[in-house]
Amino acid sequence: METASIIQTEHLIKRFPMGKGEFTALKGIDLQFCTGEFTGLIGPSGSGKTTLLNILGSLDTPSDGEAVVLGKSIKKLNPRESSQLRKKSLGFIFQSYNLLQVHTVFENVEFPLLLLNFSASERKKMVMDALEWVGIADKAKSKPPQLSGGECQRVAIARAMVKKPTLVLADEPTANLDAANSHNILQTMEKLNRELKTTFLFATHDEKVIGYLHRKIFLKDGLVDHEEWKNN
Amino acid sequence: MRIALKLAYRNLIGAGLRTWLNVIVLSFSFVMIIWAKGLMVGWDNQAKTDMEQWEIGKGQFWHEQYDPYDAFSINNSHAPIPEAFQSEIENKTMVPVLIAQGTLYPQGRMQSVRIKGIPPDQTLLKIPAHKLDTLSDALPAIVGASMAHSSHLNKGDRVILRWRDNKGTFDATEIEIVDIFPTNVPTVDVAQVWINLETMQEKLLLPNEATLFSLANAEENRSSVEAFHYKNRKELTAEIDAMVKTKSKGQSMFYVILMALAMLAIFDTQVLSIFRRQKEIGTYVALGYTRQQVVGLFTVEGAMHAILAAVVAAVYGVPFFIWQAHAGMKLPMDTSEFGMAIAPVMYPIYSISLIISTTLIVLLTTTLVSYWPSRKIARMSPTDALRGKIQ
């Protein structure tokens, strides 16, 4: 099943200016991810997992080395091309949900479809389908402040999934959730991965998430420490 | 752009009270600017109409030496009425006026006045000249309300009027105030005494002479006739234009302050929004917006304040404008001594161009003020924005 490669990184380095010097967050990452993976970048704070996720999401650029996502070199993309990549092929799930607070659940999930110029009727159907997947169709008219943390994260998942992206990048998606909600969310994502064949890439150090991952990549001080595969 | 408009609308409506406070402040600016400008147009229009009805008609012929501001040349600025004017005078489409400098002695005081002779049968100007036909053993005279007020004159009062005739000899007579007329035009009122033209010509030894002629028919240009030169309405009302222009400049400061207050509210909202909505900005970028598109979205949001404000302004502004156009604005002070035509009640006049130009100016200014702080977004790192780390 997991055959086509969708992400390759070669000696990926990322440096950040710090005072008069600089801090190297990624010190040469070589990785490859294939379609349909349910993979996590695992490591303590400062290990470089969020930085790597940001680069793969074309929100940041490498200082050195290469990162190719869906056949596109992140380094060579201009702002317009990188926004096109995010708009069409990538979904994001954030630790603090990052929902648009003044918009309803429906409008939040609808947003990526607006950017892709779907018609109103198509948007309505796709949004309601996505809300059904995550089990909160009845909250379509609510606004984020009226929802619980678990419900907010479900909205964020629906927003990431509504356009059926090739790749979903999730940065600590359960960090603000209790155990029950975390398991619910993870089961939902696993189901979407299984049914829609969407590739999920997590950045996490949450044991609950780690338990669901099919592939675990352990990062330490900006380098890949080791990898583990889940035995089916 | 369509998406930006849709999102901006959702964001503004979603922001609730914050949006409506800005919108109300901005709508107040719309209404006040249009109302105040309308008042200036109304004043200008009213002053010119009053001046036309009371003094200048549709145009005037002036004696070549006549200068209304030069008291020394007044007594020389007259000439025989040209033959060419006779038919118009007989048809009552032209009113001759003779002007001379004089002195009035109300209640023992001495007051310099301008004596004006006008035919009692004229109907072109609103001056009630027919009252000069009143039978009296003194010389019948009429004065404006302001003149009567400042000289403590009442109807029926008798006072001494003195002048110099054409030979330079001083002469005087007793006049009787047979009427006091209310007018908004100070140039026919303040320090003016109106008497019968023929009597004045006799007393001044200036038979059949006049200083100026007011005309019933408007013409852009007429050639000079003997010693009299034509002045069209535009030339005669130039002083009002200049005065209104001066007042408009002063009033512009008021608009600027009003606009500055509204713009400050928009600017503050934008700056605060960019600071408070960093995560939202990062989210827009993560979901596929370019940073320039986010700048566009914030700019449209700002500009949309002006559009909403225009709608809100229309809701309460239109009834207010209509009411003001009918009821007018009463001036809180006596305007008779302002030196120019100001009615005690001013009626604003609103034109489509006034409303459109004001709307466009406010919209454009709001857009610029919104764009200015929004440019900061273009320099934001999306990853920092997502974490809300930008200070």
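I began with burial, taking a residue as buried if 20 or more other C-beta atoms lie within 10 Å of its own, as exposed if 12 or fewer do, and as partly exposed in between, with the C-beta atoms placed from the backbone. The model is a predicted one, in which local features need pLDDT of at least 70 and side-chain atom pairs count only at pLDDT 80 or more, while totals for chains, interfaces and linings use all residues. Residues are numbered from 1 along each chain as its sequence is written, and chains are lettered from A and ligands numbered from 1 in the order in which they are written.

**Entry 1: Leu90(A)**

I looked up Leu90(A) and found that it counts as buried, because 26 C-beta neighbours fall inside 10 Å. I then listed its contacts, two residues being in contact if their C-beta atoms, placed from the backbone, lie within 7 Å. Not counting residues up to four places away in sequence, Leu90(A) touches Gly57(A), Leu85(A), Pro165(A), Leu167(A) and Leu169(A). Leu169(A) is 79 residues from Leu90(A) along the chain, yet their C-alpha atoms are separated by 7.4 Å.

**Entry 2: the sheets of chain A**

I traced an open sheet of 6 strands in chain A, with the order 6-7-8-3-9-10 and mixed pairing, where two strands pair if DSSP finds at least two bridges between them. Strand 6 (90-93) and strand 10 (223-229) of chain A each have a single partner strand and stand at the edges, so one side of each is left without a neighbour in the sheet. Neighbouring strands of this sheet are turned by 20° against each other on average, direction ignored. Strand 9 (residues 215-220) and strand 10 of chain A run antiparallel and are joined by 6 bridges, and I noted Lys220(A) opposite Leu223(A) of strand 10 of chain A.

I also followed an open sheet of 4 strands in chain A, ordered 2-1-4-5 with antiparallel pairing. Here strand 2 (21-34) and strand 5 (72-73) of chain A are at the edges, each with a single partner strand, so one side of each is left without a neighbour in the sheet. I counted 11 bridges between strand 1 (residues 5-18) and strand 2 of chain A, which run antiparallel, and Ile13(A) stands opposite Lys27(A) in strand 2 of chain A.

Which strands does helix 5 of chain A lie across? Helix 5 (residues 149-161) lies across strand 6 and strand 7 (167-171) of chain A, running at about 170° to strand 6 of chain A; axes are lines fitted to C-alpha atoms, for helices over the stretch in contact, and angles run from 0 to 180 degrees between N-to-C directions. The axes of helix 4 (residues 120-134) and helix 5 of chain A come within 9 Å and cross at roughly 135°. That makes helix 4 of chain A oblique to helix 5 of chain A, since angles under 35 degrees count as roughly parallel, over 145 as roughly antiparallel, 65 to 115 as roughly perpendicular and the rest as oblique.

I recorded that Ala130(A), Leu131(A), Trp133(A) and Val134(A) in helix 4 of chain A meet Arg154(A), Ile157(A), Ala158(A) and Met161(A) in helix 5 of chain A. The residues of this contact divide into 7 nonpolar, no polar and 1 charged, with Ala, Val, Leu, Ile, Met, Phe, Trp, Tyr, Cys and Pro counted as nonpolar, Asp, Glu, Lys and Arg as charged, and the others, Gly among them, as polar.

I read 11 helices and 13 strands in chain B, and 41% of its 391 residues count as buried. In chain B, Ala313(B) of helix 9 (residues 291-327) is buried, with 28 other C-beta atoms within 10 Å. Ala313(B) and Phe30(B) are 283 residues apart in sequence and 6.5 Å apart in space, C-alpha to C-alpha.

The contact between the chains takes 18 residues from chain B and 20 residues from chain A. On the side of chain B that touches chain A, the largest share, 6 residues, comes from helix 1 of chain B.

Notes: Helices (H or I, at least four residues) and strands (E, at least two) are DSSP runs, numbered from the N terminus.
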